[in-house]
Amino acid sequence: MAFCYFNSIPTSSHLISPDLSQKFKIPKLLHRKKRFGVLPRSSKVTAFYGLKAPPYELDALEPYMSKRTIDMHWGEHHRNFIEGLNKQLEKDDILYGYTMDELIKVTYNNGNPLPEFNNAAEVWNHDFFWESMQPGGGDMPVLGLLQQIEKDFGSFTNFKEKFIEAALTLFGSGWVWLVYYLKRNIVVRYFALILRVIDCCEHYLVVLVKREEKQLAIVKTSNAICPIVWDDIPIINLDLWEHAYYLDYKNDRAKYVNVFMNHLVSWNAATERLAYAEAFVNLGEPKIPVA
Ligand SMILES: [Fe+2]
């Protein structure tokens with residue numbers, strides 16, 4: 001696993017859950033015919049995750065991301081992650097019943113991922129990715145998001161450069177993210193106490209002050225890793241697996257990344273996600289409830 005932060009190491013404790021209201025497909029339990037007026041009992045109730053569609057038509061991102069790419073990326077790769085996860089969950093009752101966010105954290109297993117982790121995280125990452133883009137995207141963020149970017153990166157131009165640099169320096173397959181987190185600093189303060197008892201002695205009282213600050217950062221993750229495993233709050237992500245851009249841009253990752261930043265990224269979604277995250281961070285809630 002390889003990842004790095006372009007700001008300092010985040011240690012946030014809050015989690016955003018975009019609307020990942022996965023469609024649960026309840027098996028035919030409720031549709032069984034009554035026999036002798038009594039519903040037959042099932043020894044086991046199971047549910048499965050469904051494939052969530054992008055929030056736009058599959059050709060809506062053309063010419064920057066072709067329908068052909070989304071047909072393959074969403075209709076095949078994303079679907080395979082869902083189907084693979086459902087097959088794995090059929091075999092393992094212990095993991096049954098978690099929300100997707102919980103499932104990712106549990107199966108990440110403190111950096112020793114369980115077999116289900118890759119599929120679960122890739123489902124989450126792709127759902128988030130489709131919603132990180134919009135027709136007519138790109139341009140510039142506004143209001144609070146722009147202010148936060150300028151505060152944490154100096155300027156929007158500087159942020160863009162760092163995001164693109166992160167995408168181009170990611171080795172192999174993975175993701176680049178804009179995340180929001182609660183940075184905790186330990187500040188050392190010295191207080192001098194001058195005591196005049198026998199000699200003139202100077203005593204220093206050392207006090208550790210915990211200071212918290214909300215901040216944006218750019219994060220790179222390898223393969224399926226999703227920053228919610230560290231309790232970071234994702235704001236935007238970009239898929240850097242070759243299947244995301246090969247049909248449209250061959251192996252020209254730089255062109256794909258620039259097109260994403262200039263024409264596809266949804267600052268509307270990012271603004272909503274940041275506002276949602278700030279609301280819960282401000283309230284000091286331990287976790288953002290999952291819809
Ligand atoms: Fe992908």
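Reader: Which residues coordinate the iron ion?
Author: H73 (NE2), H126 (NE2), D239 (OD) and H243 (NE2), at 1.9 to 2.2 Å. Donors are N, O and S atoms within 2.8 Å of the metal (3.2 Å for Na, K and Ca); water is not among the atoms, so sites may look incomplete.
Author: A caveat on the source: this is a predicted model, where local features need pLDDT of at least 70, side-chain atom pairs count only at pLDDT 80 or more, and totals for chains, interfaces and linings use all residues. Residues are numbered from 1 along each chain as its sequence is written, and side-chain values use heavy atoms, with hydrogens and water left out.
Reader: What geometry does the site of the iron ion have?
Author: Tetrahedral, with angles of 87 to 134 degrees among the four donor atoms. Four donors count as tetrahedral if all angles lie between 85 and 135 degrees.
Reader: What spacing do the donors follow along the chain?
Author: H-x52-H-x112-D-x3-H. H126 in helix α3 (residues 117–130) and D239 in strand β4 (residues 233–239) link distant parts of the chain, 113 residues apart. Helices (H or I, at least four residues) and strands (E, at least two) are DSSP runs, numbered from the N terminus.
Reader: H126 and D239: buried or exposed?
Author: Both H126 and D239 are buried. Buried means under 20% relative accessible area, exposed over 50%, partly exposed in between (1.4 Å probe, protein chains only).
Reader: Switching topic. How many salt bridges does the structure hold?
Author: Four. A salt bridge is a side-chain nitrogen of Lys or Arg within 4 Å of a carboxyl oxygen of Asp or Glu.
Reader: Which residue does K67 form a salt bridge with?
Author: D71, with the closest N and O atoms 2.8 Å apart. K67 and D71 are four residues apart in helix α1 (residues 67–91), so about one helical turn separates them. K67 is partly exposed at 35% relative accessible area, and D71 is partly exposed at 32%.
Reader: And what does D231 pair with?
Author: K105, in a salt bridge with the closest N and O atoms 2.0 Å apart. D231 lies in the loop between β3 (200–222) and β4, K105 in helix α2 (residues 100–108), 126 residues apart. K105 is partly exposed, at 22% relative accessibility.
Reader: Last one. Which residues of α5 are buried?
Author: F156, F159, F163, I164, A166 and A167. They cover an arc of only 155 degrees around the axis, so they sit on the same side of α5. The arc is that of the directions from the helix axis to the C-beta atoms.

Methods: Tetrahedral: all angles 85-135°; square planar, octahedral: opposite > 155°, others 65-115°.
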